[in-house]
Amino acid sequence: MSRSKSLRLPYDFPAYLVTVLNFLAAVCLVCVFFYIAKDLPETVPLHYTNGIGFDRWGEKTELYSLAIIPAVTAALNTVLSVILIRKNLNWISYLTSGISFFITLAMALVSAMMFQGALSA
């Protein structure tokens, strides 16, 4: 009799998957950000105040940190998560990946708002 072997994923697979998806989200943000940023005018909004609107304008290069910070955070988180997963601390890996993903999403929303302001002005 031949037994069919079922595909069994390792215990750590979901933790690695979350880490990789978090890193890919940050890479996507960087790619989309710089693709859109090249077409922006030289002067863009840099600060938004509720009720007033945009209250500070400057060079578009000042917006680059909105893409670089999540990328650096995701890269550092990837290294940290691999170390944590190998030490069987998956829950801390999930926590750090969640924090990094939140930073990526927050910066994506701020970038979208700044791009909208720059393109509508």
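1. Start with the helix pair. From helix 2, the residues Leu66, Ile69, Pro70, Thr73, Ala74, Asn77, Leu80, Ser81, Leu84 and Ile85 make contact with helix 3. On the helix 3 side, the partners are Asn90, Ile92, Ser93, Thr96, Ser97, Ser100, Ile103, Thr104, Met107, Val110, Ser111 and Met114. The residues of this contact split into 12 nonpolar and 10 polar, with no charged ones. Note that this is a predicted model.

2. Now the geometry. Helix 2 covers residues 65–86, and helix 3 covers residues 90–120. Their axes come within 9 Å and cross at roughly 170°. Helix 2 is therefore roughly antiparallel to helix 3.

3. Ser81 and Ser93 deserve a look together. Ser81 sits in helix 2, and Ser93 sits in helix 3. Are they buried or exposed? Ser81 has 0% relative accessibility, so it counts as buried. Ser93 also comes out at 0% and counts as buried. Residues up to four places away in sequence aside, Ser81 touches Thr19, Ser93, Thr96 and Ser97. With the same exclusion, Ser93 touches Ala15, Thr19, Ser81, Leu84 and Ile85.

4. Asn90 belongs to helix 3. Its relative accessibility is 6%, so Asn90 counts as buried. Leaving out neighbours within four places in sequence, Asn90 contacts Tyr11, Asp12, Ala15, Leu84 and Ile85. Asn77 and Asn90 are 13 residues apart along the chain, and their C-alpha atoms are separated by 13 Å.

5. The loop between helix 2 and helix 3 holds Asn88. Its phi is near 60°, a positive value in a residue other than glycine. Asn88 is exposed, at a relative accessible area of 56%. I would point the reader to this residue when inspecting the backbone.

6. Asp12 lies in the segment before helix 1. Which residues does Asp12 touch, not counting residues up to four places away in sequence? They are Ile85, Asn88 and Asn90. Asp12 and Thr49 are 37 residues apart in sequence, and their C-alpha atoms are 44 Å apart in space.

7. Next, the charged pairs. Side chains of opposite charge can pair when their charged atoms come close. How many salt bridges are there? The count comes to 3.

8. Asp39 and Lys38 meet through their side chains in a salt bridge, 3.5 Å from N to O. Asp39 is exposed, with a relative accessible area of 54%.

9. Glu42 and Lys60 form a salt bridge, with 3.8 Å between the closest N and O atoms. This pair links distant parts of the chain, 18 residues apart. Glu42 is in the loop between helix 1 (13–37) and strand 1 (43–49). Lys60 is in the loop between strand 2 (53–59) and helix 2. Glu42 is exposed, at a relative accessible area of 54%. Lys60, at 10% relative accessibility, counts as buried.

10. Glu62 pairs with Arg56 in a salt bridge, and the closest N and O atoms are 3.5 Å apart. Glu62 has 41% relative accessibility and counts as partly exposed. Arg56 has 43% and also counts as partly exposed.

11. Last, the cysteines. A search of the whole structure finds 0 disulfides. Cys28 is in no disulfide, and the nearest cysteine sulfur is that of Cys31. A disulfide would need the sulfur atoms within 2.5 Å. Cys28 counts as partly exposed because its relative accessibility is 47%.

Conventions. Residues are numbered from 1 along each chain as its sequence is written. This is a predicted model: local features need pLDDT of at least 70, side-chain atom pairs count only at pLDDT 80 or more; totals for chains, interfaces and linings use all residues. Side-chain values use heavy atoms; hydrogens and water are left out. Helices (H or I, at least four residues) and strands (E, at least two) are DSSP runs, numbered from the N terminus. Buried means under 20% relative accessible area, exposed over 50%, partly exposed in between (1.4 Å probe, protein chains only). Contact means heavy atoms within 4.5 Å. Axes are lines fitted to C-alpha atoms, for helices over the stretch in contact, and angles run from 0 to 180 degrees between N-to-C directions. Angles under 35 degrees count as roughly parallel, over 145 as roughly antiparallel, 65 to 115 as roughly perpendicular and the rest as oblique. Ala, Val, Leu, Ile, Met, Phe, Trp, Tyr, Cys and Pro count as nonpolar, Asp, Glu, Lys and Arg as charged, and the others, Gly among them, as polar. A salt bridge is a side-chain nitrogen of Lys or Arg within 4 Å of a carboxyl oxygen of Asp or Glu.
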